[in-house]
Amino acid sequence: MPTKKTVKLAPGKKTPTSRSAERKLPGSAIKTLSQREALAPERINAILKALDEAYPDAVCALNHRSPWELLVATILSAQCTDVRVNLVTPELFKRFPTPAAMAKAQLPELEELIRTTGFFRNKAKSIQGAAKKISEQFGGKVPETLAELITIPGAARKTANVVLGVSYGKAEGVVVDTHVFRIAHRLDLTKSDTAEKVEQDLMRILPKDHWIRFSHQVIHHGRQVCIARNPKCDKCNLETLCKSKDKTWWS
């Protein structure tokens with residue numbers, strides 16, 4: 001009869017009997033993955049399958065009714081929660097529903113409307129600058145290419161990727177926010193130290209038809225399960241694929 005594999009524990013400790021029994025595994029006891037193992041196609045496919053199973057309907061959490069509203073909301077989301085942005089934008093868009101209207105707004109009024117999102121002075125300048133650029137150079141329509149979008153004030157590559165993916169269904173890159181950056185490292189999908197480099201790494205290893213939904217799924221995962229401090233590893237369906245040294249539970 002085959003013997004059952006057991007986990008050796010310190011004296012006086014009991015073997016966990018369920019996924020709800022959390023215990024920190026010392027980092028030195030975790031077998032690290034080589035780059036070849038970490039980026040093996042079968043492992044990447046297993047990660048994508050697990051994300052599809054956990055978050056089949058993951059979508060952008062920013063409420064919007066148009067590419068313009070999504071662009072503004074994404075600019076406002078920097079260093080701010082999506083929940084807070086969603087509280088601010090209804091009144092903002094009620095007063096200034098189009099790029100042309102926002103371009104003519106008084107800056108102090110814009111600042112007051114978005115004050116609670118933080119860095120409100122810079123953000124007010126950005127969204128008004130974006131409104132003027134779109135009104136004057138793009139006929140009032142948010143452009144549909146990365147090259148054009150990144151010329152708009154406040155629309156760096158991450159913001160451009162959000163708008164392209166969500167509003168236009170175009171995958172020109174991978175959105176890398178703080179959740180994607182952190183979890184990509186935890187899953188050994190990258191070792192790069194900037195969002196731009198992490199994006200390039202992910203674009204090389206992920207199938208292009210997953211670029212858009214991968215980010216939405218990982219962002220949801222980062223908010224609900226793989227949180228920055230004390231991740232809920234016992235509730236994670238990626239746990240067996242993860243060798244992160246800060247895991248709180250292991251199977």
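Tutor: Let us begin with the second largest cavity: α9 (157-168) and α12 (211-224) each supply at least two residues of its lining. This is a predicted model, in which local features need pLDDT of at least 70 and side-chain atom pairs count only at pLDDT 80 or more, while totals for chains, interfaces and linings use all residues. Residues are numbered from 1 along each chain as its sequence is written, and side-chain values use heavy atoms, with hydrogens and water left out.

Student: What makes a space a cavity, and what makes it a pocket?

Tutor: On a 1 Å grid over the protein atoms alone, a cavity is a set of points where a 1.4 Å probe fits but cannot get out; a pocket is an open set with protein on both sides within 12 Å along at least five of seven lines. Lining residues have an atom within 4 Å of a point. The second largest cavity has 13 lining residues, and Asn161, Gly165, Gly173, Val175 and Ile212 lie nearest its centre.

Student: How much space lies in the second largest cavity?

Tutor: About 60 Å³, where a volume is the space filled by probe spheres set on the points, and grid points are joined across faces, edges and corners. The search of the whole structure finds 2 cavities of 30 Å³ or more. The largest cavity holds about 130 Å³.

Student: Which residues are closest to the centre of the largest cavity?

Tutor: They are Arg186, Cys226, Cys233, Cys236 and Cys242, from a lining of 16 residues.

Student: Why is helix α3 described as largely enclosed?

Tutor: A helix is a DSSP run (H or I, at least four residues), numbered from the N terminus, and a residue is buried under 20% relative accessible area, exposed over 50% and partly exposed in between (1.4 Å probe, protein chains only). In α3, 9 of the 10 residues are buried, so the rest of the structure largely encloses this helix. Among the buried residues are Trp68, Glu69 and Leu76.

Student: What do the buried residues of α3 pack against?

Tutor: They pack against α4 (82-95), α5 (99-103), α6 (107-114), α7 (120-137) and α9, contact meaning heavy atoms within 4.5 Å.

Student: How are α3 and α9 placed relative to each other?

Tutor: Helix α3 (residues 67-76) packs with α9 at an angle of about 150°, their axes 10 Å apart. Axes are lines fitted to C-alpha atoms, for helices over the stretch in contact, and angles run from 0 to 180 degrees between N-to-C directions. The residues making the contact include Leu70 and Leu71 of α3 and Val162 and Val163 of α9.
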